[in-house]
Number of protein chains: 2
Amino acid sequence: MGVTIRDVAKAAGVSITTVSRVLNQYTDVNPKTRQKVLKVIEQMGYQPNSVARSLVKNRTQTVGLVVSDLSKYRSGHHFMFDVLCGINDRAQELGYDLVLFSTTPTAQKKTTYMDFVKQRRVDGVVMMGIRLDDPYTHEVVEASIPSVLIDVPLTSKTCSYVMTDNVKGAKMAVEHLINLGHRQIGFVNGHDQAAVSKERLTGYIQALEGAGLSYHPDYVYYGNFEQEDGAQGVRCLKQRHPEISAVFFASDLMAIGGIKYIQSSGGQVPRDLSIVGFDDISLASLMQPALTTIRQMRYEMGRAAVETLLRMLENGETGRGMILPPELVLRETTEPFAK
Amino acid sequence: MGVTIRDVAKAAGVSITTVSRVLNQYTDVNPKTRQKVLKVIEQMGYQPNSVARSLVKNRTQTVGLVVSDLSKYRSGHHFMFDVLCGINDRAQELGYDLVLFSTTPTAQKKTTYMDFVKQRRVDGVVMMGIRLDDPYTHEVVEASIPSVLIDVPLTSKTCSYVMTDNVKGAKMAVEHLINLGHRQIGFVNGHDQAAVSKERLTGYIQALEGAGLSYHPDYVYYGNFEQEDGAQGVRCLKQRHPEISAVFFASDLMAIGGIKYIQSSGGQVPRDLSIVGFDDISLASLMQPALTTIRQMRYEMGRAAVETLLRMLENGETGRGMILPPELVLRETTEPFAK
DNA sequence: TAAAAATTCGAAAACGTTTTCAATTTGACG
DNA sequence: CGTCAAATTGAAAACGTTTTCGAATTTTTA
């Protein structure tokens with residue numbers, strides 16, 4: 001059916017080897033014959049079979065993106081989509097195809113990461129949305145093919161990571177609240193199987209201590225990054241500690257949940273509670289009131305991920321961490337503390 | 001490096017052929033030897049090389065998802081992401097890998113669809129976000145490998161489509177406004193290189209005429225599905241036709257733009273303008289006021305797409321259209337007309 | 001018990017490339 | 001004109017599977 005290198009060779013009156021040489025821009029082919037071959041290729045509409053090529057080169061020019069819980073029902077995509085765009089764009093620019101895999105903790109028990117990689121024959125993988133207690137998290141650092149983790153600070157010879165400077169981001173958020181005069185500041189964090197949660201807690205504490213305020217473990221609530229967790233978070237916090245005048249949320253979605261909760265119980269934001277989120281998802285600027293938050297450079301994270309992946313892959317560089325700066329974006333959900 | 005079928009064969013003391021047979025669950029192999037081979041496979045951690053398999057079978061077990069303008073800067077993803085999840089989930093369930101390609105009109109001029117397909121060796125493709133005047137739109141229906149288009153009603157022997165019943169959806173939206181007593185109803189449509197725009201216009205007109213109202217071409221504004229277009233749309237419409245009391249938008253994002261515009265110019269929704277959107281993106285329910293809109297079953301569209309794709313691919317079925325029902329979801333941006 | 005049929009297996013070709021190695025041609029130079 | 005190096009080419013092996021065809025073995029049948 002399709003036209004093969006053999007057909008081209010015959011039509012051009014040269015050997016297969018020669019055709020292969022012009023395809024791969026080798027220099028040792030006579031300009032005359034190169035032109036002839038090129039013309040035949042053009043005429044016959046020949047496109048090399050990438051599968052055959054992959055087989056002999058043992059390289060697929062493909063990077064796998066494995067995402068945990070990529071699902072309609074999870075809202076992680078508010079964060080993930082831009083990262084995906086970045087990954088996709090950069091991979092395409094560098095001549096790699098991107099193949100998508102979603103996985104779950106249970107699926108990870110059935111098929112080990114090694115088996116996954118051996119089966120799929122991707123040249124490298126970037127992993128996103130994975131939890132610290134997921135099996136793949138630890139299998140990936142020991143794997144033979146290069147990988148980069150998004151938001152999990154683990155490195156090895158073949159494993160890099162990229163993430164935002166979360167302690168700095170959290171610190172900026174809390175310092176902003178402190179500068180506004182707030183002293184009793186709650187924190188609705190994510191679950192503790194996310195590295196970012198630990199870092200953001202650190203930043204929260206550093207900001208507090210930097211301002212001479214004491215850290216009350218009781219002021220932090222652990223949610224699951226979902227909207228309802230945010231609502232639940234402020235409910236608990238405000239109930240147990242009515243003195244709290246501001247809350248920092250580890251995700252915009254939880255912040256939105258918090259705002260909705262306040263509003264639905266008759267309060268107003270920021271009058272009754274100042275709020276800072278994290279991520280700067282597109283919702284944040286569209287809301288009413290618009291959400292003050294810490295922006296993550298998600299698209300750039302994606303690009304950086306494949307960038308470092310291919311550095312390991314093609315230049316044999318060893319794994320390393322990459323930290324991107326956060327940015328405080330001021331909107332309408334914070335105001336000075338009024339005693 | 002890796003262990004091959006040859007290694008297992010040797011270790012199990014059988015021929016390559018036999019190993020292949022147990023791998024592909026052929027029946028003509030002695031249960032005894034099957035067990036033996038299976039054990040060796042297990043012990044050696046053998047995983048078949050899918051590339052080699054693809055080469056000989058001329059099938060990659062891979063479907064391509066080509067998306068036009070998948071980009072950080074385009075907001076189509078509010079619609080696309082759920083569809084993508086559906087595609088991904090169903091493909092995975094059916095044993096296919098999903099590989100992602102983003103394209104642009106200019107890229108489509110450089111590489112024809114045929115070349116794209118020959119190069120990538122995907123077994124089928126689903127296409128999304130593409131415009132009627134994109135080159136691929138017409139190349140795809142004539143291609144030899146099966147494809148399904150999202151939101152472009154074109155069929156051929158190898159080409160199917162799936163889309164929402166847009167005329168019905170638009171009709172439902174406008175009828176809802178009519179039932180509330182509105183008589184002067186504007187329409188902010190999408191650009192005319194989207195099939196959905198044409199259909200939604202039809203629905204708009206049908207609803208009007210069904211209620212004995214006359215259709216003013218001047219009441220419809222053509223935007224580009226982006227937020228700013230929505231703002232621009234109501235500005236034009238209200239300026240030229242202050243009598244308009246309600247507007248139907250061809251996307252939620254444009255509706256949001258419209259609402260923002262009204263609010264920023266001192267008005268209120270729905271007091272000053274009743275608004276219905278289209279899509280039911282996650283923003284819609286989170287906004288203030290929450291957006292009344294027409295829901296599309298996006299996730300199901302994705303699933304349906306690979307479903308029909310694989311039916312063409314594996315059962316040789318011929319292309320067909322698939323229409324999913326819309327749903328009116330009532331929220332807070334519409335109210336009865338008060339003269 | 002011999003023939004026929006069914007079961008089980010293996011050798012080798014094929015898939016479409018790249019790559020190695022050696023052969024051939026060309027060109028320069030004395 | 002002969003020689004040597006450089007430039008250009010081709011034959012064949014290799015990549016790791018599946019599949020075809022037929023052979024060997026076992027079972028069934030007459």
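Student: Where do helix α11 and helix α12 of chain A sit relative to each other?
Tutor: Helix α11 (residues 227–240) and helix α12 (residues 252–264) of chain A pack at an angle of about 55°, with their axes 6 Å apart. Axes are lines fitted to C-alpha atoms, for helices over the stretch in contact, and angles run from 0 to 180 degrees between N-to-C directions. Helices (H or I, at least four residues) and strands (E, at least two) are DSSP runs, numbered from the N terminus.

Student: What do I call that arrangement of α11(A) and α12(A)?
Tutor: The two are therefore oblique to each other. Angles under 35 degrees count as roughly parallel, over 145 as roughly antiparallel, 65 to 115 as roughly perpendicular and the rest as oblique.

Student: Which residues of α11(A) and α12(A) make the contact?
Tutor: From α11(A), A:Q227, A:D229, A:G230, A:A231, A:V234 and A:R235. From α12(A), A:L253, A:M254, A:I256, A:G257, A:G258, A:K260 and A:Y261. Contact means heavy atoms within 4.5 Å. By class there are six nonpolar, four polar and three charged residues. Ala, Val, Leu, Ile, Met, Phe, Trp, Tyr, Cys and Pro count as nonpolar, Asp, Glu, Lys and Arg as charged, and the others, Gly among them, as polar.

Student: Wait, what kind of model is this, and how is it numbered?
Tutor: It is a predicted model: local features need pLDDT of at least 70, side-chain atom pairs count only at pLDDT 80 or more, and totals for chains, interfaces and linings use all residues. Residues are numbered from 1 along each chain as its sequence is written, chains are lettered from A and ligands numbered from 1 in the order in which they are written, and side-chain values use heavy atoms, with hydrogens and water left out.

Student: Back to helices. What about α1 and α3 of chain A?
Tutor: The axes of α1 (residues 5–12) and α3 (residues 31–44) of chain A come within 9 Å and cross at roughly 125°. That makes α1(A) oblique to α3(A). A:D7, A:V8, A:A11 and A:A12 of α1(A) touch A:K36, A:V37, A:V40, A:I41 and A:M44 of α3(A). Those residues are seven nonpolar, no polar and two charged.

Student: How many residues of chain B and chain A are in contact?
Tutor: 44 residues of chain B contact 44 residues of chain A. The buried area is about 4,300 Å², with 55% from carbon and sulfur atoms. Buried area is the accessible area (1.4 Å probe) that two parts lose on being put together, summed over both.

Student: How many salt bridges cross that interface?
Tutor: Two. B:D97 forms a salt bridge with A:R120, the closest N and O atoms being 3.0 Å apart. A salt bridge is a side-chain nitrogen of Lys or Arg within 4 Å of a carboxyl oxygen of Asp or Glu.

Student: And how many over all chains?
Tutor: The whole structure has 25. One of them joins A:E307 and A:R90 at 2.5 Å, N to O. That pair links distant parts of the chain, 217 residues apart: A:E307 is in α14 (residues 298–315), A:R90 in α5 (residues 77–93).

Student: Which peptide bond to A:P289 is cis?
Tutor: The one from A:Q288, with omega near -5°. A:P289 is in the loop between α13 (282–286) and β10 (293–295) of chain A. In chain B, the bond from B:Q288 to B:P289 is cis, with omega near -5°.

Student: What is the phi of B:N58?
Tutor: Positive, about 55°, although B:N58 is not a glycine. B:N58 lies in the loop between α4 (50–57) and β1 (62–68) of chain B.
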